[in-house]
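Here is a short tour to read with the model open beside you. Take it topic by topic, and keep the viewer handy.

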Amino acid sequence: GIRDLVRSRGLGDVYKRQVDSLAWIVTLDEDSAPIDVYINPVNNLPTLTGYKSEAVVKLAADYTKSMDTTHSSNLNSSEPQKELIRWHNRLGHLSHQAVHDAHKYVKGVPEFKGEPIQPELDACPVCIRAKLTNVSPGKRKIVATQPYEVLSIDFSFAGIISKDKSRQEDVLGLNGETSWIVAQDVFSKIIHADTRISKAAPAKWLDKLLEEYKPVGLTKRFIIADQGGEIYGSDAIKKVLEKHNCVMYPTGTDASYQNPCERTHRTLADAVQSFLIGANLPIKFWPYALHHAVRLLNALPGAEQTASPLSIVTGKQDDLTGLKTFGCRVWVKPPTRRRSKFKSNARKGIFLGYMPHTLRNILWYDTLTTRVKLATHVRYDEGCNDLPVDALPPNVQYILRSENGDRSTCLLYTSDA
C-alpha cells in the first residue's frame, strides 16, 4: 500500500527492510534519509517518524485514510461470514447451501444474504476430514403414500470391537455403546434412532415405535430390512410385526443400496464425526452426537424435499433459536445452595445436546465427576476461552481463520496428534 502511494505521487520507489514483526524502515530512494514506519497490530495503521517532507506527511495521511477505510470495510464484510460459519458448525457441518436455506424451514436460524461460501475456495477443515465418501450408486425409488406406511430399518456398528482395551476407545460410547439402529420413514424421511450396547434384536424399541406412530386409514404397513439375523431372522421381531400387521420386505444379498437407511447411516456418521472433530472430543461421546444429529436432520429438509421431515409429520417447525455448537464449553449453575457469595460455584462442562422437544434442558458432561447430567441454568462459551490458543478446537479455529483471512491459522489440533 505504501509503495503504490509513493509511485502515484512521483516520489520514486520504496526500499524497505523489516526490523521486527511490527516495524519497517522505509526510504523513498536509496540516498534519502530513512522513515521509520511502525504498524499498529490492532488496526494495521502506520505511524511515520524520521524524515518528514510535506510530500511524505501527505503520503502518510493518505495511506492511513485508505487503510482505515479498508479495515472498516473488511470488519463489516467479515461478520456475516463468521456468523454463517458458526451456524455451519452448530447445524452439524451441513453444506453452506443448506445453512443458507435453513431459515425457511426452522425457527431461530438467521437468513444469510448473498451467495454461499464456495467450498472449493473456503473449505471447512472439519468437513474435509469427516466427509470422505464413495461414489453414489444412483437414485432409487420406493413409493409411500403417507407417513409411516413404509419404514426402513437397519443396524450400524461404530467399529470392530477388539480385545485390546486401548483400541476399544475408538469404538465404545461413554456407556459401552457399540452400535445404533435407525428406523426411517420412507415418505417423510423422518429418522428415529437409538444407540445400543449390542446388535440384539430391538423388539421392545420397535414395538414402542410402531405403537406410537400409526398411519391414518391404513391396515397394513411395510418394513424394509436386510437379511441379518438381528431383524429379519429374529422371532421376537416377527411377533412384533405380526402384532402391528406389518409385512417384512428383505433387501437382496449384497444389495444394501436397496435400503434407504444405508444412505442415512452415512449421513449420520458424517455428522457425528464432524461434531467430534470440530469440538476436538474423544470418540466416547459419539452416542450423544448421534442423537443431536438426528434432531437437526429431522428439522431440516433433505434432498428433493420442500419441507422438513418434522413438519411433514407434525405440521410444525422446530425452533432452534437457542442452538449452540455441539461440544462447546458450558458453565452450569449447580442446584445446591451457594455457601459463599464471593467464591465461584460454576461447574465447567461439555455441551452434549438437548433433551427431546426442547432447547431449555441440556445434556452436559461434568468434567469433575465424569458424568453426564441435565441442566437448565447454564452459560455457553462457544469460543472455549478457557483453552490456550494452540489447543482451540477446529470449530473455533475456522472462525478465526475467516476473520484473519489466513488459512494457516487453522491448526487442526486433535487429541490424538
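Helices (H or I, at least four residues) and strands (E, at least two) are DSSP runs, numbered from the N terminus. This is a predicted model, in which local features need pLDDT of at least 70 and side-chain atom pairs count only at pLDDT 80 or more, while totals for chains, interfaces and linings use all residues. Residues are numbered from 1 along each chain as its sequence is written, and side-chain values use heavy atoms, with hydrogens and water left out.

- Let's begin with α8, which covers residues 261-279. The expected span of a helix is 1.5 Å times one less than its number of residues.
- With 19 residues, α8 should span 27 Å, and the 27 Å between its end C-alpha atoms agrees with that.
- Asn280 follows α8 and has a positive phi, near 55°.
- Helix α9 (286-299) passes the span check too: its 14 residues should reach 20 Å, and its end C-alpha atoms are 20 Å apart.
- Buried here means under 20% relative accessible area, exposed means over 50%, and partly exposed is in between (1.4 Å probe, protein chains only).
- Because twelve of its 14 residues are buried, α9 is largely enclosed by the rest of the structure. Among the buried residues of α9 are Trp286, Tyr288, His292, Val294, Arg295 and Asn298.

**The second largest pocket**

- A pocket is found on a 1 Å grid over the protein atoms alone: it is an open set of points where a 1.4 Å probe fits, with protein on both sides within 12 Å along at least five of seven lines, and lining residues have an atom within 4 Å of a point.
- Its volume is the space filled by probe spheres set on the points, with grid points joined across faces, edges and corners. For the second largest pocket this comes to about 1,100 Å³.
- The lining of this pocket has 38 residues, and those nearest its centre are His192, Val294, Asn298, Pro356 and His357.
- Elements that give two or more residues to this lining are β7 (191-196), α6 (203-212), α9 (286-299), α10 (309-314) and β11 (347-354).
- Which element gives the most to the lining? That is α9, with eight residues.
- By class, the lining has 19 nonpolar, eleven polar and eight charged residues. Here Ala, Val, Leu, Ile, Met, Phe, Trp, Tyr, Cys and Pro count as nonpolar, Asp, Glu, Lys and Arg as charged, and the others, Gly among them, as polar.

**Aromatic rings**

- Rings of Phe, Tyr and Trp (its six-membered ring) pair if their centres lie within 6.5 Å; planes under 30 degrees apart count as stacked, over 60 as edge-to-face and the rest as tilted. By this rule there are seven aromatic pairs.
- One of them joins Phe285 and Tyr365, whose ring centres are 4.9 Å apart with planes at 80°, so the pair is edge-to-face.
- Because Phe285 sits in the loop between α8 and α9 and Tyr365 in strand β12 (residues 362-366), this pair ties together parts that are 80 residues apart in sequence.
- Both partners are buried: Phe285 has 1% relative accessibility, and Tyr365 has a relative accessible area of 7%.
- Phe351, Tyr354 and Tyr380 are linked by ring pairs into a cluster.
- Arg90 lies over the face of Trp87, at 4.8 Å from the ring centre. A charge sits over a ring if NZ of Lys or CZ of Arg is within 6 Å of the ring centre and within 35 degrees of the ring normal.

**Contacts across the sequence**

- Glu169, in the loop between α5 (165-168) and β6 (179-185), is exposed at 57% relative accessibility. Its C-alpha atom is 7.0 Å from that of Ile283, 114 residues away along the chain.
- Lys107, in the loop between α3 (96-101) and α4 (125-130), is partly exposed at 47%. Lys107 and Asp318 are 211 residues apart in sequence, yet 6.3 Å apart in space, C-alpha to C-alpha.
- Leu151 belongs to strand β5 (residues 150-157) and is buried at 3% relative accessibility.

**Positive phi in the loops**

- Asn245 is not a glycine, but its phi is positive at about 55°. Asn245 lies between α7 (235-243) and β9 (246-250) and is partly exposed at 37%.
- Cys384, also a residue other than glycine, has a positive phi near 50°. Cys384 is in the loop between β14 (378-381) and α11 (394-404) and is buried at 5% relative accessibility.
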